[in-house]
Amino acid sequence: MDVWESIVLGIVEGLTEYLPVSSTGHLIIAQHLLGVEESEAVTAYEICIQGGAILAVLGLYSPRVMQMSRGLWWGLRRLLQGSRGGAREGQESGAEKHAAGLRLLVNLILGFLPAAVVGLSCSRYIKAYLFNAPTVMAAWALGGVVILLYVRQREKSGQGQRGKAIEELSPRGALGIGVMQCVAMCPGVSRSLMTMLGGLTVGLSVSAAVEYSFLLGLITLGAATCHDAVKHGAEMLQHIGWLPIVVGTLVAWGSALVAVKWMVGYLNRHSLAIFGWYRLAAAGLMLVLILRGFVIR
């Protein structure tokens, strides 16, 4: 893989990872159009450069991450102190904030567990049978229709941007979002789409659903990145080299930073409808490419 190809793939990864348009689908198509030969090393590379997008969100949401870290430390202290922890709770400054951070961390872990179970047990079959252009095209089209119908339903009900704050998410709701995230293992569906829709379905506001989706991505994408880096790291270095890996990761970081900032600002004023129309347009373009023989994977 040439450096310029790693730059293109890094841009595609960063711009699409946290948008509800499916980064996996875009990477499959970009890889084919660039003429990059399919291999385990390339597939692992596309997963590992997610690390750049993860770092972008980690930086943007560092206050929330710090709140969860303090909440975990606070919870461990209470556990170690036993019954004395209850007596000191009211004396600890920011106890409620720490408790909220701990609850959010628990909810993120609950949201991650279904994907961990399904991913470990089914990833081989998913990659073997679903990583192809027709699947991406169908998923893009179906996802676009779902977004537009969902937006219309929310507008008719008058919900708009309203809903619960992220601190009000229940463990049952977090687990439900995690189950919906599993659907996104099919390329073209989009992890961000399913987790955002999951958050809205369990009653979160648009901003809270987006934030939970981003934070859940830190765990889910981080686990996938570490798994493939350990499993295929030596193969990536041998067949791709360290320079394209570093360049792709850095470019993914920069483009993800831009995409996430834009989307947060955009969704504070608008609905998800633009992503539905984009997915339908992308599916139409994909159909043309398939029929003309440009994309056959």
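Leaving aside residues up to four places away in sequence, F214 touches Y18, V57, Y61, M196, V260, M263 and V264, where contact means heavy atoms within 4.5 Å. The model is predicted, so local features need pLDDT of at least 70 and side-chain atom pairs count only at pLDDT 80 or more, whereas totals for chains, interfaces and linings use all residues. Residues are numbered from 1 along each chain as its sequence is written, and side-chain values use heavy atoms, with hydrogens and water left out.

F214 also belongs to the largest nonpolar core, which has 47 residues; together with Y18, Y212 and L272, F214 touches the most other members. Such a core is a set of buried Ala, Val, Leu, Ile, Met, Phe, Trp, Tyr and Cys residues joined through side-chain atoms within 4.5 Å, buried being under 20% relative accessible area (1.4 Å probe, protein chains only). Helix α11 (residues 206-239) supplies the largest share of this core, 10 residues. A second, separate core holds 15 residues, among them L9, A30, C48 and I245.

Turning to α9 (residues 171-183), its axis comes within 8 Å of that of α10 (residues 191-201), and the two cross at roughly 150 degrees. This makes α9 roughly antiparallel to α10 (angles over 145 degrees count as such). I177, M180, Q181 and V183 of α9 meet R191, M194, T195, L197, G198 and G199 of α10. Within α9, the buried residues are G173, A174, I177, G178, Q181 and C182, and their cover includes α7 (95-129), α10 and α11.

Note on methods
Axes fitted to C-alpha atoms, helices over the stretch in contact; angles between N-to-C directions. Helix = DSSP H or I, 4+ residues; strand = E, 2+ residues; numbered from the N terminus. Parallel < 35°, antiparallel > 145°, perpendicular 65-115°, else oblique. Buried < 20%, exposed > 50% of the residue type's maximum accessible area, 1.4 Å probe, protein only.
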